[in-house]
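Hello,

Here is the structure I promised to send over. Have a look at it first, and then read on for what turned up.

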Amino acid sequence: MAPAPVAVLTAATASTSDLTAASFVISRKATIEADGRPHKVTIAMVELEAHFTHTIIAKLSPHAYLKASLLNNSTNPFLPGNINVFMDNNFIAQSTIKAVSPQEKFAPFLGVDSSVRVVYKPVRKMAESISHGLLYKTNTSSETIKPQCVI
């Protein structure tokens with residue numbers, strides 16, 4: 001008896017800068033209906049080690065945005081598009097990535113980190129005038145306090 005055929009998913013995507021195509025071997029059978037609608041099939045589950053940083057522009061937004069610096073340590077390329085991010089088996093964010101080759105670094109934003117509080121105190125200018133004597137004298141001193149960002 002002949003061995004069962006292996007299901008292969010071929011994915012192609014085009015962007016303004018380049019064309020990326022890749023073939024993936026799916027470890028279990030999947031039926032994809034020819035109905036003209038998009039279908040999702042899990043190709044691989046990849047665990048990546050992340051270094052997290054926060055991006056804050058306190059003058060524009062009172063939020064701290066979480067960014068993960070990652071290395072694609074798998075043998076598969078990551079195609080551009082939406083990604084679902086899980087940490088400790090819990091869904092934490094949805095983001096988008098550009099095409100990422102194996103062993104390439106990338107850094108997607110993971111949204112607002114609600115555990116970080118940002119308080120912005122804008123620039124204050126203070127002016128002080130002093131008048132004294134028969135001849136009207138005015139001494140003016142001014143002080144500028146720089147903006148503060150309290151995290």
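**The pocket and its surroundings**

β5 gives the largest share of the lining of the largest pocket, with seven residues. Please keep in mind that this is a predicted model.

β5 covers residues 81-87, and it is joined by β1 (8-14), β4 (65-71) and β6 (90-97) in supplying at least two residues each to that lining. In total, 42 residues line the largest pocket. Which of them lie nearest its centre? They are A44, V46, N82, I83 and N84. The space in this pocket comes to about 1,900 Å³.

Now to the chain as a whole. How many helices and strands does the chain have? The count is zero helices and 12 strands, so the pattern along the sequence is simply β repeated, β-β-β-β-β-β-β-β-β-β-β-β.

The chain has 151 residues, and 16% of them count as buried. Its accessible surface is about 12,500 Å², with carbon and sulfur atoms making up 55% of that area. On the contact side, take the pairs with a separation of 6 or more: 46% of these contacts in the chain are between residues 24 or more positions apart.

When you open the model, you could begin with N82, I83 and N84, which are among the residues nearest the centre of the largest pocket.

Best wishes

Notes. Residues are numbered from 1 along each chain as its sequence is written. This is a predicted model: local features need pLDDT of at least 70, side-chain atom pairs count only at pLDDT 80 or more; totals for chains, interfaces and linings use all residues. Side-chain values use heavy atoms; hydrogens and water are left out. Helices (H or I, at least four residues) and strands (E, at least two) are DSSP runs, numbered from the N terminus. Buried means under 20% relative accessible area, exposed over 50%, partly exposed in between (1.4 Å probe, protein chains only). Contact means heavy atoms within 4.5 Å. Accessible areas come from the Shrake-Rupley method with a 1.4 Å probe; for residues, only the protein chains shown count as cover. On a 1 Å grid over the protein atoms alone, a cavity is a set of points where a 1.4 Å probe fits but cannot get out, and a pocket is an open set with protein on both sides within 12 Å along at least five of seven lines; lining residues have an atom within 4 Å of a point. Grid points are joined across faces, edges and corners, and a volume is the space filled by probe spheres set on the points.
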